[in-house]
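Below are some notes on how this chain packs, meant to be read beside the model. Please check each point against the coordinates.

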Amino acid sequence: MSISPYFLDLRSAYQSEMDDLRFDTEGRDVLRQRLAGKRQEIGFLVQMMELSPEMVAVVFHQGFDFTRREAMDHLLTHDGAGFPAWSSLAGSFEMAPWASDLARIVLQAPGGDKFLTLTAGLEYMAGLPVPAGMMVAGEDEDDDEDEGSDQDGDDDLVIFDDDGDGGQGSDVRARQEAAASWLVQQGFDQKD
């Protein structure tokens, strides 16, 4: 399976957001409580969907039960400009009742359709095992040939490097910086 640079960058940001929410200053796992709090603030959080989608997508953590892998695998090949419509993913998953309630709120906001499609992709990726033979496009493939990779190659995960010339990775970084600036303007402490 290959994943677009767009989803790879967002996967990293999504995982960082989950890691930030997981533990309090004393090392206790408080993810469940923090997600519950964020879910109650969905009306406010929808304002951040475009600037920092990973910060809002976490409210749907564990709200999807994926039933059609091929449709979700196909979604992960898209970049931000060519997303399929949210309605086209119908039948690819079931949502928990609380997640369906949140989705109805998100769909009322501008860009809600695209955001929910993105969120489904991020949640799907979060549940994927990371294969031992994960490759970054551009790496020397000879190094991985003898390391027990999948024989038929159909399930290998291919990760693409940022092109370094203002491509998708640069776009994501700019979006993250804008989101961080917006949060500071709202009175939150700046993330290091």
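1. Helix 6 buries Ala99, Leu102, Ala103 and Val106; buried means under 20% relative accessible area, exposed over 50%, and partly exposed in between, with a 1.4 Å probe and protein chains only. Viewed down the axis of helix 6, these residues fall within an arc of 105 degrees, so they line one face of the helix. The arc is that of the directions from the helix axis to the C-beta atoms. Pro97 and Arg104, on the other side of helix 6, are exposed. The cover over the buried residues of helix 6 includes helix 2, helix 3, strand 2 (93–95) and helix 7.

2. On provenance: this is a predicted model, in which local features need pLDDT of at least 70 and side-chain atom pairs count only at pLDDT 80 or more, while totals for chains, interfaces and linings use all residues. Residues are numbered from 1 along each chain as its sequence is written, and side-chain values use heavy atoms, with hydrogens and water left out. Helices (H or I, at least four residues) and strands (E, at least two) are DSSP runs numbered from the N terminus.

3. Helix 2 has Leu31, Leu35 and Lys38 buried. Seen down the axis of helix 2, its buried residues fall within an arc of 60 degrees, so they line one face of the helix. Arg32, Gln33 and Gln40 are exposed on the face turned away from that buried side. The buried residues of helix 2 pack against helix 1, helix 3 and helix 4, contact meaning heavy atoms within 4.5 Å.

4. His61 sits in the loop between helix 4 and strand 1 (64–66). His61 counts as buried because its relative accessibility is 15%. Leaving out residues up to four places away in sequence, His61 touches Tyr14, Met18, Leu31, Leu35, Arg39, Trp98 and Glu123.

5. The largest nonpolar core has 45 residues, and Phe7, Phe60, Val106 and Phe115 have the most contacts inside it. Such a core is a set of buried Ala, Val, Leu, Ile, Met, Phe, Trp, Tyr and Cys residues joined through side-chain atoms within 4.5 Å. Elements giving two or more residues to this core include helix 1 (5–22), helix 7 (112–126) and helix 8 (168–185). Apart from residues up to four places away in sequence, Phe7 touches Leu75, Leu76, His78, Phe83, Leu118, Gly121, Leu122 and Met125.
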